[in-house]
Amino acid sequence: MTTSNPPGDTTSDALPHKPADDSEQVYFEGSPLLRGQVASTAAWEIIGLLMIVAPLAWRIFNGAWPAAWVTLILILLGLLLWAVPLIRVKSQRYRVTNYRIDFERGLLSKTIDTLELWHVEDIRFHQSLLERILGVGSITVLSHDDTTPKLELRGLPNPRPLFDQLKQRVIAVKRQRGVIKMDTGN
């Protein structure tokens, strides 16, 4: 059985347009990938390895092992240095939605910066040859936001679709808010 709305009825069936959908959709949520930090990771790994093999080098060049406590400290420091890249990427977290980008960082204490997409001025995509091979890349967001004028999202998995979604959403959000870009000619 169907019913029709009487004239003057303002229920949702009588409205000539669909109400705006304000639901937030998450495009990406997670930490940067470790493989996106290849150069930095390699440097930390090499330094850590040098710390671990230092007691052996001491033995080779001096004919005797260094003190046991020195060996233990060097090995523990080397292992800790190996963990630094992993700790660094896991202490960062991105949440990219159709309205905002949240950048969370910190290991013991946390700081979260939020960048609303209507503040975005420009978006840049970068993927080196090695990053293309590894399936990661970076997106740099330039904005008029006071606390986050430049936000670099590094080590993103499969970043090109996210970049394309962000470009489209920035335009759509600015239209929704009535934001227009004025070129002053300077």
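Reader: Which residue in β3 does R95 stand opposite?

Author: R95 stands opposite D102. Keep in mind that this model is predicted.

Reader: What makes β2 and β3 a pair?

Author: Pairing takes at least two bridges between the strands. Strand β2, residues 92–97, and strand β3, residues 100–105, have five bridges. Five meets that cut-off, so the two strands are called paired. Their sense is antiparallel. A hairpin of two residues joins β2 to β3.

Reader: How do you know that β3 also pairs with β4?

Author: The same test applies: at least two bridges. Strand β4 covers residues 111–116, and β3 and β4 share six bridges. Therefore they count as paired, again in the antiparallel sense. Across this pairing, F103 stands opposite D113 in β4.

Reader: Which residue takes a positive phi in the hairpin of β3 and β4?

Author: That residue is G106, with a phi near 130 degrees. This hairpin has five residues between the strands.

Reader: Why is S143 called buried?

Author: S143 lies in strand β6, residues 136–143. Its relative accessible area is 11%. Buried means under 20%. The value falls under the cut-off, so S143 is buried.

Definitions and conventions. Residues numbered from 1 in each chain as written. Predicted model: local features only at pLDDT ≥ 70, side-chain atom pairs only at ≥ 80, totals over all residues. Heavy atoms only, no water. Helix = DSSP H or I, 4+ residues; strand = E, 2+ residues; numbered from the N terminus. Buried < 20%, exposed > 50% of the residue type's maximum accessible area, 1.4 Å probe, protein only.
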